[in-house]
Amino acid sequence: MSAEPTTAERSAVDAFLGPPTPSEDGEPAHSGDRRVAFGGYRRSMESRHMLLPALHAVNDAVGWVSAGALNYICERLQVPPAEAYGVAGFYALLSLEERPARVAHVCDDVACRTMGGAELLEGLEGRPDVHPSPCLGQCDQAPAVFFQRAGEEDTVEVGATYDRVVEVLEGGSVREVPPIAPQAGDPSLRLLKRIGLVDPTSLAGYRDTGGYQPLARAVAMGPEQVIAEVKMSDLRGRGGAAFPMGIKWEAVARSPDMPHYLICNADESEPGTFKDRVIMEDDPFAVIESMTIAGLAVGAERGYLYIRAEYPLAQSRLQNAIDLARAAGLLGEDVAGSGCSFEIEIRRGGGAYICGEETALMNSIEGKRGEPRNKPPFPTQVGLFGRPTVINNVETLINVLDIVLEGGAAFAEIGTGASTGPKLFCLAGAVARPGVYEVEFGRTLGELIDLAGGVTGSGRIGAVMLGGAAGLFVGEDHLDMPLTFEDARARNATLGSGVVLVFDDRTDFRDTSRRIAQFFRDESCGQCVPCRVGTVRQEELLARHLGGEPLDRDLFEEVARVMVDASICGLGHTASTAIRSVIDLGLLERSRG
Amino acid sequence: MAEVTLVVDGTTVTMPDGSTILDACRALDNNQPTLCYLDNLTPVNVCRVCVVEVEGNRTLVPSCSRPVEEGMEVATDSDRVRHSRKMVYEFLASSVDLDLVDEETVAWMDHYGCDPDRYGPPADPAHDRDRRKAGHHQIGPGTEAETVHQPVKVDNELYVRDYSRCILCYKCVEACGEDAQNTFAIAVAGRGFDARISTEFDTGLTDSACVFCGNCIGVCPTGALMFRSEHELRLAGMWEEDDQTVTRTVCSYCGVGCNLDLHVQDNRIVKVTSPMDHSVTSGHLCIKGRFGYEYVQEVGDLAVTPIDDILRRARIDDRGRYPRPDSRA
């Protein structure tokens, strides 16, 4: 398809990729036919990973990606246009059709929709510049709206109202709000100790509060000792799978296959989850320092921080932290006198929940569609660019600061025997003081809800969503459950990503469950049949029931079972758990009329 | 080469290291269903119909791509396996037109007791599938089963794309790309249930990078990609596969020596394939071998046959024009 880029599109791409070199742009490379790749397979492979950032560059500057812009990107990067089109269309925030310069994505997911998001969206319905959005990770300040603005930075409005949304769409700016830090000042805090107290843009402020002491200690200890301490800490991944971090690190550190890569998974998209955002926005240096320690420990010279596009503030604060750290010799060549070099590059997602799955995330960085890979091989063997890769979520990584400083054995004393360390929970919904809370593993669900000021609304709990949409709903009988990996497992629950979303007993769970079914169908990558069709059949089944038919429970279980047994990744494996729990708790009947 | 010993359905088998579970099953004549797997393409393990149960694995694993391991215990006919296979076939049959799948697939569907009708009557064909956006779908009352049914794409004289029949097995994308042709004219676009095979911006094939080698047709398991001639004959109710002969010959265009199977009905070539196990082609051809057969039957002294009118119609392009004079040679 021969379409030419506009001047604006061409400049946006060139501003990002640099001006074209003569060999790229001279005759006979084009001869008017932009479909043909002349750069050769190898060059194409080498530049492919720039595809998503280049698409972002145009989408940011012009507001959408036209055929001409896509062709120009493809020509510069030697990517076949059909493949680039397939990649661009995978992401909800990249537009392949012309649209208004400012677009509002109004969150109507499980948390926001009960906190005014549904009404907000209803009021704005029909506007071509308003779209519904899955969870924006702002559940503590619902309802939230994410704005894309052609030629300007993306931005987020929290506590959004109809008037405010219209004002921003018509050229106004969003309100800046201070961070929500309900525990600020509590001396026992480890992960949240700087939140709301220390200037997140100042390296000096970070250092004054103990920052970069862990890196100095890690450099003095050397990689092997750091890994030994991490193993001794028995730190388990906070992303949902609870895999021991030390085992991943050791596997990669010992692999003879070079180079090694480190990825910080900051694609926090599980509905109800916002803890990583709070860390990244308000203690960005902690993330950068943790990544640096991890990178040095596993022998990686490059780390990627893959952050969801809906977190623009976190992204700018992290970039600022990276720049300041590099200027201070804490990144780059010879990091902190270690003799090793380490660089961090931020990569932005495009609006795809599935890219939080580790192998989908790697494909996304590589410029492919964010489709999960079959495992094995695991990322520690064949990861990013086919190399051994450590991938950890933000919260998991920042625990390494205390582990290095205090030693793995001391860290293992925190929490319970099988669940060590502090844990962040995202309290939202019908609680008096929503926000991110840090507790030692072992506090009960009820204590946590009390910590957040107790139940609001009717004052009576209807159900609590634990672990996100991929988690499940529990009733009041779980308030005595200690929040640990082992207790959750024993009671067939999950901590997932640390979501504790409280619903009062006046909640319309029919509406909530419908939204969850919609979410999984929307976010399935479409690669494997069980999930691609199963999430559709599940939604239809539920819709029929909500429309008045008796629930075909056997068919629901059959659909759920094939998704659990035969899907490629965790999305399909967990797509039915929350809805099943709503059914089992009798919440659909209770919500009727 | 090192060897690995494993147990499949109670039978011990020793395989070369690097083999897959499917290889092991085949070595035991233990036939397994596949859809997205083909010997001459890289396994993508997306259809999940070949899943088997491996002791110690939480979920089922795709036999087409999971390498064998020492001591592995594999069950290919457990309750879980049978359930998943039945559901995968049902999911596909309830959302895709599977009229033209091979007999083996039909037999497997019967074997597992598929009942695609239990998801409700199929929804009407949609005309907007190529424009659907990731993350946004319309929610209906659930009374109809969503399908991929849509109009056939007829935009050239050589082949058509009937994506109502597409199970998204990725085979055509692989054949167009690295596994055979390296043309990359098509890719998977969209997301979730709206994922689809597409050129850039759904542009017509004649405006895309397509070189009309037809290798995508050769690997398509469901008839979604089809010779225009076959398409028109089927539309006219005149496609008579049982009456066709298949004649193997060698392509006369160049010196490579590709084998061609000429499918002939009423003394007319209606389709050309190449044997999958042929050492030169692995089933793949170029535009000349695949489509350049018209000269054979344009000598003028052939008796008119009942299908000539239909075949001529097949050569009308999407703008209603008859073929250009030079398209005959």
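For angles, I use axes fitted as lines to C-alpha atoms, for helices over the stretch in contact, with values from 0 to 180 degrees between N-to-C directions. Helices (H or I, at least four residues) and strands (E, at least two) are DSSP runs, numbered from the N terminus.

**Set-up.** This is a predicted model, where local features need pLDDT of at least 70, side-chain atom pairs count only at pLDDT 80 or more, and totals for chains, interfaces and linings use all residues. Residues are numbered from 1 along each chain as its sequence is written, while chains are lettered from A and ligands numbered from 1 in the order in which they are written.

**Sheet in chain A.** I looked up helix 12 (residues 245–254) of chain A first. Helix 12 of chain A lies across strand 5 and strand 8 of chain A. It runs at about 155° to strand 8 of chain A. Next I traced the open sheet of four strands: the order is 7-6-5-8 (chain A), with parallel pairing. Strands pair if DSSP finds at least two bridges between them. Strand 7 and strand 8 of chain A are the edges, each pairing on one side only. Neighbouring strands are turned by 20° against each other on average, direction ignored. I followed strand 6 and strand 7 of chain A, which pair in the parallel sense over six bridges. A:Leu305 has A:Ile346, in strand 7 of chain A, as its bridge partner.

**Helix 16 of chain A.** I then checked burial (buried: 20 or more other C-beta atoms within 10 Å of a residue's own; exposed: 12 or fewer; partly exposed in between; C-beta atoms placed from the backbone). In helix 16 (residues 358–365) of chain A, eight of eight residues are buried. Among them are A:Glu358, A:Leu361 and A:Asn363. The buried residues pack against helix 4 (51–62) and strands 5, 6, 7 and 8 of chain A. A:Gly367 follows the helix, with a positive phi near 85°.

**Chain A against chain B.** I found 49 residues of chain A in contact with 50 residues of chain B. Helix 22 of chain A gives the most to the chain A side, with twelve residues. That side divides into 23 nonpolar, twelve polar and 14 charged residues. Here Ala, Val, Leu, Ile, Met, Phe, Trp, Tyr, Cys and Pro count as nonpolar, Asp, Glu, Lys and Arg as charged, and the others, Gly among them, as polar.

**Domains of chain B.** I noted domain 1 (1–118) and domain 2 (159–328), with bounds from an automatic or database assignment. Their C-alpha centres lie 29 Å apart.

Definitions and conventions: Contact = placed C-beta atoms within 7 Å.
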